[in-house]
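Here are some short notes on the aromatic rings. Please read them with the model open.

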Amino acid sequence: MEAWVLFRLAIACGLIAATVAVQASFMSAGLGVFRRLEEDRRDFLLRYPTVTTVIWVVYLIVPIALDVVLWATFYYLSQALPDFEDALYFSTVTFTTVGYGDIVLGRDWRQVATFEAVNGWIIFGWATALMMAVIQRLHFRGND
């Protein structure tokens, strides 16, 4: 029994590692584009900071959606939930830490869901920090 618990927790840690890799990849690519824009198209950023902010926020939602789908796929493939629609709904509610409770995992898998909630909390904090970094850079430049 304890081996099963450790196995499930190891899977949860693997999923967290995968979501961090997804976020880091998107962050790196997005910041690379932003740096190139600062070097080559600074005039665009100065003229359209709001447009750039909206694009950046939408861009950062994409990896979060991928993270949610990754967790949902795990729940579905492990048969923790009966169909992919329920798995996606449960994953979205858990990742965002809303936790409605209308769909719950069985006893064998419920500890894994707590890891998803922690994962979502970390990822949303990270995305928020990135959003604020770009907003500060765009709107509070000073005289650089």
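1. Start with the cluster. Trp-71, Phe-74, Tyr-75, Phe-90 and Trp-109 form one aromatic cluster. Rings of Phe, Tyr and Trp (its six-membered ring) pair if their centres lie within 6.5 Å; planes under 30 degrees apart count as stacked, over 60 as edge-to-face and the rest as tilted.

2. A word on the source. This is a predicted model, where local features need pLDDT of at least 70, side-chain atom pairs count only at pLDDT 80 or more, and totals for chains, interfaces and linings use all residues. Residues are numbered from 1 along each chain as its sequence is written, and side-chain values use heavy atoms, leaving out hydrogens and water.

3. How many aromatic pairs does the structure hold? There are ten. One of them joins Trp-4 and Phe-7, tilted, at 5.4 Å centre to centre with 55° between the planes.

4. Where do Trp-4 and Phe-7 lie? Both are in helix α1 (residues 2–40), three residues apart, about one turn of the helix. Helices here are DSSP runs (H or I, at least four residues), numbered from the N terminus. Trp-4 is partly exposed, at 47% relative accessible area. Phe-7 is partly exposed too, at 43%.

5. Phe-74 and Tyr-75 also make a tilted pair, 5.5 Å centre to centre and 55° between the planes. Phe-74 is buried at 13% relative accessibility. Tyr-75 is buried at 0%. Buried means under 20% relative accessible area, exposed over 50%, partly exposed in between (1.4 Å probe, protein chains only).

6. Look again at Trp-109. Arg-8 lies over its face, 5.2 Å from the ring centre. The rule: CZ of Arg or NZ of Lys within 6 Å of the ring centre and within 35 degrees of the ring normal.

Note on methods: Helix = DSSP H or I, 4+ residues; strand = E, 2+ residues; numbered from the N terminus.
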